[in-house]
Structure formats: C-alpha cells, structure tokens
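Here are my notes for a first look at this model. Please keep the structure open while you read the points.

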Amino acid sequence: ALVSIGLAMAVPGFLAADPFAGMLVAGMIAMTGAEIMGESVKQLTDAVTDEKLVRDVEMLASDDADVKNVTRVRARQVGSSALVDVEVEVPPDLSASCMRAIEERVRVRIVSEVEGILDVEVRAMGEDV
C-alpha cells in the first residue's frame, strides 16, 4: 500500500494504483481470515486427525509384549496437541492390577515417544470380553 501511495504521488498517471493495492491487501487479509476460520471449525468439530499420529500410536501400543491386539485408537486435537484414547486386548487370565500395569506402561511409552500428545487414556480388556 505504501508503494502505491508513493507511485501515485510520483507519477500522476498511477492514481488508480492506490485503490487497486488496497483491494489486493483486503483480499489477502480476507483469504487469511478464511483459512484460520476453516482450521478453527475443523478443530472445534474434532474433524482434524493426524493419521500419522494414529498409526504411530497403534504401532507403539501393539509393540508391547502383553498386548495381543489394538482394537481402537481415537485422537482429538486440542490446540497444537492431541488427546488420544487407545483400547487394547490382553490375555484374559491377567489380574486387574496386571492390566493396570500394562495400561500405564503403554501410556508412558506413547507419551514419551510420540510428539504432540497432551495425554493418552489406555484401556486394556481381556480377549474374551
């Protein structure tokens, strides 16, 4: 906009440059606002899910020796971080305290090895349940 003002003052034939530059700047501002609004709506409706994050969490959870299967991984964005829910199958003959230890072990591993995770909730269930 400053350049157009300078041109308009220096060269009288460029009087139309200032309104044109103003419309160009206004258009750029409107496009930036639309992008920000689109991202905000996606985050508010939980539509933003980083597929790589979900795959990484699933891989780390399934790497645990006591985890037989990862049945579900859900991730929700909270600002620049994610909240993750993981459901895993474990052998049915384990005690509740053993299942809790597996949940905590998987949770700590995921939080420490995957960037951008605010918190992880892990739920272990016996295969027969």
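This is a predicted model: local features need pLDDT of at least 70, side-chain atom pairs count only at pLDDT 80 or more; totals for chains, interfaces and linings use all residues.

1. **A pair to start from.** Val78 stands opposite Ser81 in β2. Keep this spot in view.

2. **The strands on either side.** β1 and β2 (residues 81-90) run antiparallel. Nine bridges join the two strands. In general, the strands of a sheet pair through backbone hydrogen bonds, parallel or antiparallel.

3. **Gln77.** Gln77 is found in strand β1. Is Gln77 buried or exposed? Gln77 counts as buried, because its relative accessibility is 19% and the cut-off for buried is under 20%. A polar atom of the Gln77 side chain lies 3.3 Å from the backbone oxygen of Ser81. Ser81 is also the residue that Val78 stands opposite.

4. **The whole sheet.** Now step back. Three strands form an open sheet in the order β1-β2-β3. The pairing is mixed. β1 (69-78) and β3 (117-126) are the edge strands, and each pairs on one side only. From one strand to the next, the twist averages 15°.

5. **The overall plan.** The protein has four helices and three strands. Along the sequence, the pattern reads α-α-α-β-β-α-β. Of the 129 residues in the protein, 26% are buried. Take the contacts with a separation of 6 or more: residues 24 or more positions apart account for 54% of them.

6. **Helix α3 over the sheet.** Helix α3 (residues 51-62) lies across β1, β2 and β3. It runs at about 140° to β1. α3 has 12 residues. From its first C-alpha to its last, α3 reaches 16 Å, close to the 16 Å expected at 1.5 Å a residue.

7. **The buried side of α3.** Which residues of α3 are buried? They are Leu53, Val54, Val57, Leu60 and Ala61. These residues cover an arc of only 135° around the axis, so they are on the same side of α3. An α-helix has 3.6 residues a turn, so residues three or four places apart point the same way. The buried residues of α3 pack against β1, β2, α4 and β3.

8. **Ile117, a strand residue to check.** Ile117 is found in strand β3. Ile117 counts as buried, because its relative accessibility is 11%. What does Ile117 contact, leaving aside its neighbours within four places in sequence? The list is Leu53, Val57, Ala82, Val84 and Ile110. Leu53 and Val57 are among the buried residues of α3.

9. **Glu103.** The place of Glu103 is in helix α4. Glu103 counts as buried, because its relative accessibility is 13%. Its side chain reaches the backbone nitrogen of Ala124 at 2.8 Å. Not counting residues up to four places away in sequence, Glu103 touches Val122, Arg123 and Ala124.

10. **Arg107.** Arg107 lies in helix α4 (residues 96-113). Is Arg107 buried or partly exposed? Arg107 counts as partly exposed, because its relative accessibility is 25%. The side chains of Arg107 and Glu104 are joined by a polar contact of 2.9 Å. Leaving aside neighbours within four places in sequence, Arg107 is in contact with Asp119, Val120 and Val122. The C-alpha atoms of Arg107 and Asp119 are separated by 8.4 Å, and the two residues are 12 apart along the chain.

11. **Arg100.** Arg100 is found in helix α4. Arg100 is partly exposed, because its relative accessible area is 47%. The C-alpha atoms of Arg100 and Ala124 are separated by 7.5 Å, and the two residues are 24 apart along the chain. Ala124 is also one of the residues that Glu103 touches.

Definitions and conventions. Residues are numbered from 1 along each chain as its sequence is written. Side-chain values use heavy atoms; hydrogens and water are left out. Buried means under 20% relative accessible area, exposed over 50%, partly exposed in between (1.4 Å probe, protein chains only). Contact means heavy atoms within 4.5 Å. A polar contact is a pair of N or O atoms within 3.5 Å; within protein, one must be able to donate a hydrogen and the other to accept it, and residues adjacent in sequence count only if both atoms are side-chain atoms. Two strands pair if DSSP finds at least two bridges between them. Axes are lines fitted to C-alpha atoms, for helices over the stretch in contact, and angles run from 0 to 180 degrees between N-to-C directions. The expected span of a helix is 1.5 Å times one less than its number of residues. The arc is that of the directions from the helix axis to the C-beta atoms.
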